[in-house]
Amino acid sequence: MVTWFADSLHRRRARAARDARGPLARYYREPAPADSTPAGDLAVLAVDLECTSLDLDSADILSIGWVPVQERRILLGRGRRVVVNPGREVGPNVTVHGLTDDVVAAGAPLPEAVEQMLHACRGRVLVAHHATIETTLLSRACELLYGAPFVPPVIDTLALQRRILGWNRGDQENAGLNLAAARGRYGLPRYAAHDALTDAIACAELFLAQLSHWGTSGGPTLRTLRLR
């Protein structure tokens with residue numbers, strides 16, 4: 001099964017690379033970390049999105065936050081948050097993320113924001129909590145802008161926490177596994193939620209805490225941990 005997932009990822013990346021244009025094509029020219037890389041040695045990019053809705057079929061990206069992690073070190077000075085102008089009103093989700101219409105109206109166009117994120121993600125594994133949100137919306141944006149999907153290797157800290165606890169997805173779903181709750185299991189501080197950069201940093205810290213589950217050595221390989 002692990003081999004099938006590895007082959008599937010590489011095939012999908014190869015197909016996307018053939019069709020990709022512009023910044024996405026440049027992203028694919030940089031090789032992703034090898035599946036044999038120990039998790040503690042990985043170059044990763046923790047990413048978080050804020051969006052107009054939790055319905056991914058209709059949601060637009062409102063902000064992208066990211067921070068690199070290199071060999072178990074969070075590179076805070078290279079963290080970024082980009083507010084995105086979606087070209088429409090924010091909607092009722094403003095009560096969650098606080099990004100009002102006037103704030104997003106002054107934001108960057110989607111192509112500029114996605115290009116910056118793709119540049120930061122080159123040669124890195126994407127790490128996110130409940131990563132389906134990030135991968136779905138970023139891939140859809142890349143198909144719209146650059147003619148091909150965004151297919152990074154992904155480590156989902158929510159899925160990883162479920163595995164560490166020995167929980168079956170069908171039995172537990174995501175109960176008690178949101179970002180704040182997962183961090184609490186490791187004694188990590190509580191941060192104000194729903195700021196894309198803060199949540200990306202919180203996810204990066206959680207990932208490093210999860211690696212401590214395997215001790216101070218390199219830990220499991222990327223092949224073992226990645227979502228797809």
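## Strands around β6

Start with Leu45: its bridge partner in β6 is Leu126. That pairing belongs to a set of 3 bridges joining β1 to β6, and the two strands run parallel. Keep in mind that this is a predicted model. On to strand β7 (residues 154-156), which is also joined to β6 by 3 bridges, again running parallel. Here Val127 is the residue to look at, with Ile155 as its bridge partner in β7.

Which way do the β6 side chains point? Val125 and Val127 go one way, while Leu126 and Ala128 go the other, and all of them are buried.

## Strands around β4

β4 has pairings of its own. With β2 it pairs in the antiparallel sense, over 4 bridges, and Gly65 stands opposite Arg81 of β4. Strand β5 (residues 108-109) is joined to β4 by 2 bridges, and this time the strands run parallel. Val84 has Ala108 as its bridge partner in β5.

## The nonpolar cores

How many residues does the largest nonpolar core have? The count is 37, and the residues with the most contacts inside this core are Leu24, Ile64, Leu118, Leu138 and Phe150. The largest share comes from α5, with 6 residues.

Setting aside neighbours within four places in sequence, Leu24 is in contact with Leu118, Cys142, Tyr146, Ala148, Pro149 and Phe150. Apart from this core lies another one, of 20 residues, and among them are Val125, Val127, Ile164 and Leu222. Val125 and Val127 are the pair that point one way from β6.

If you're setting up bonds, the disulfide count comes to 0. Take Cys51, which is in no disulfide: the nearest cysteine sulfur belongs to Cys203 and is 15 Å away. Cys51 counts as buried, at 5% relative accessibility.

Asp48 lies in strand β1. This residue is buried yet has no salt bridge; the nearest side chain of opposite charge is Arg81, 8.5 Å away. So what surrounds Asp48, leaving aside neighbours within four places in sequence? The residues in contact with Asp48 are Ser63, Ile64, Gly65, Glu134, Asp195, Ala196, Asp199 and Ala200. Ile64 is one of the residues with the most contacts inside the largest core, and Gly65 is the residue opposite Arg81 in β4.

## Other salt bridges

Side chains of opposite charge can pair when their charged atoms come close. The structure holds 5 salt bridges, and one of them joins the side chains of Arg26 and Glu115 (3.5 Å, N to O). Arg26 lies in helix α2 and Glu115 in helix α5, so this pair ties together parts that are 89 residues apart in sequence. Arg26 is partly exposed at 35% relative accessible area, and Glu115 is likewise partly exposed at 36%.

Then there's Arg226 with Asp35, whose side chains meet in a salt bridge (2.9 Å, N to O). Arg226 sits in the segment after α11 (222-225) and Asp35 in the loop between α2 and β1, so the pair ties together parts that are 191 residues apart in sequence. Are these two residues buried or exposed? Both Arg226 and Asp35 are buried.

Technical notes
Residues numbered from 1 in each chain as written. Predicted model: local features only at pLDDT ≥ 70, side-chain atom pairs only at ≥ 80, totals over all residues. Heavy atoms only, no water. Core = buried A, V, L, I, M, F, W, Y, C linked by side-chain atoms within 4.5 Å. Buried < 20%, exposed > 50% of the residue type's maximum accessible area, 1.4 Å probe, protein only. Contact = heavy atoms within 4.5 Å. Disulfide = S-S within 2.5 Å. Lys, Arg positive; Asp, Glu negative; His and termini not counted. Salt bridge = Lys/Arg side-chain N within 4 Å of Asp/Glu carboxyl O. Pairing = 2+ DSSP bridges.
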